[in-house]
Amino acid sequence: MVVPWDGFPLAKLVELARPLSSAKFVEMHTFLEPDVAPGQRQFWYPWPYTEGLTLAEATNELAFLVTGAYGKPLPKSNGAPIRLAVPWKYGFKHVKSIQKITFTDKQPVSFWETIGKGEYGFWANVNPDVPHPRWSQATEERIGTGERIPTRLFNGYAEFVSDLYPDLSDRKLFV
């Protein structure tokens, strides 16, 4: 899905934060307010929603923090006041309603990794040659057309991000 997001490079926030040299990862958490978000009352999920990137991924020129869409401020339904966008990764990596950002030397354990480790690992990159445990990722549907087209490595951003993943043969980089 193509959305005209507005925002700023995540690298700028990293630069302003000046993380310690020991930091290797960025960990992001959503808000935790079960009275506002009734789904957060589901005790079987590990709320708040947590997601993470390597510091190299976070400072890539394509990673950005979203503050608006379609020329307007970001609505709550799209993750206001701020959400992450990393276009070469699966959408569930785009954590919404970010309330806390931490720089750490330990790889964060994400929400989906906690509830489905074999299906949604930390790396979660788009690779049509690595099937999801329950379906093929070789093709995708162009929304609104019903047309299936070949999935492109890293959602078509391989020339901008493949250097972040020197061992593309490692399956864990994609699941």
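Tutor: Two strands pair if DSSP finds at least two bridges between them. Keep in mind that this is a predicted model.

Student: What makes S2 and S3 a pair?

Tutor: The cut-off is at least two bridges. S2 and S3 have five bridges, in the antiparallel sense, so they count as paired. Within this pairing, Phe 25 stands opposite Thr 54 in S3.

Student: Why is S3 called mostly covered?

Tutor: Buried means under 20% relative accessible area. Five of the five residues of S3 are buried. On one side these are Thr 50, Gly 52 and Thr 54, and on the other Glu 51 and Leu 53. Both faces of S3 are therefore covered.

Student: Is Arg 18 buried or exposed, and how do you know?

Tutor: Exposed means over 50% relative accessible area. Arg 18 has 70%, so it counts as exposed. Arg 18 is in the loop between helix H1 (10-17) and S2. Its phi is positive, about 50°, although Arg 18 is not a glycine.

Student: Which label does Tyr 70 get?

Tutor: Tyr 70 has a relative accessible area of 58%, and the cut-off is 50%, so Tyr 70 is exposed. Tyr 70 lies in the loop between strand S4 (64-69) and S5. Tyr 70 also has a positive phi, about 55°, and is not a glycine.

Student: Why is Ala 17 called partly exposed?

Tutor: Its relative accessible area is 39%. Buried needs under 20% and exposed needs over 50%, so Ala 17 falls in between. Ala 17 is in helix H1. Ala 17 and Thr 102 are 85 residues apart in sequence, and their C-alpha atoms are 9.8 Å apart in space.

Student: How many aromatic pairs are there in the whole structure?

Tutor: A search finds 14 aromatic pairs. One of them is Tyr 90 with Phe 92.

Student: What makes Tyr 90 and Phe 92 a stacked pair?

Tutor: Ring centres must lie within 6.5 Å, and planes under 30 degrees apart count as stacked. For Tyr 90 and Phe 92 the centres are 6.2 Å apart and the planes 10° apart, so the pair is stacked. With relative accessible areas of 19% for Tyr 90 and 18% for Phe 92, each is under the 20% cut-off and therefore buried. Tyr 90 and Phe 92 belong to one aromatic cluster, whose members include Trp 47 and Tyr 49.

Student: How do you know that Lys 93 has its charged end over the ring of Phe 122?

Tutor: The distance limit is 6 Å from the ring centre, and the charge must be within 35 degrees of the ring normal. The charged end of Lys 93 is 4.5 Å from the centre of the Phe 122 ring, and it is listed as sitting over that ring.

Student: What lines the second largest pocket?

Tutor: The lining has 18 residues, of which Thr 30, Phe 31, Lys 76, Lys 96 and Ser 97 lie nearest the centre. The lining divides into nine nonpolar, six polar and three charged residues. The volume of the pocket is about 400 Å³.

Definitions and conventions:
Residues numbered from 1 in each chain as written. Predicted model: local features only at pLDDT ≥ 70, side-chain atom pairs only at ≥ 80, totals over all residues. Heavy atoms only, no water. Helix = DSSP H or I, 4+ residues; strand = E, 2+ residues; numbered from the N terminus. Buried < 20%, exposed > 50% of the residue type's maximum accessible area, 1.4 Å probe, protein only. 1 Å grid on protein atoms, 1.4 Å probe; cavity = no way out; pocket = protein on both sides within 12 Å on 5 of 7 lines; lining within 4 Å. Points joined across faces, edges and corners; volume = space filled by probe spheres on them. Nonpolar A, V, L, I, M, F, W, Y, C, P; charged D, E, K, R; others polar. Phe/Tyr/Trp six-rings, centres within 6.5 Å; stacked < 30°, edge-to-face > 60°.
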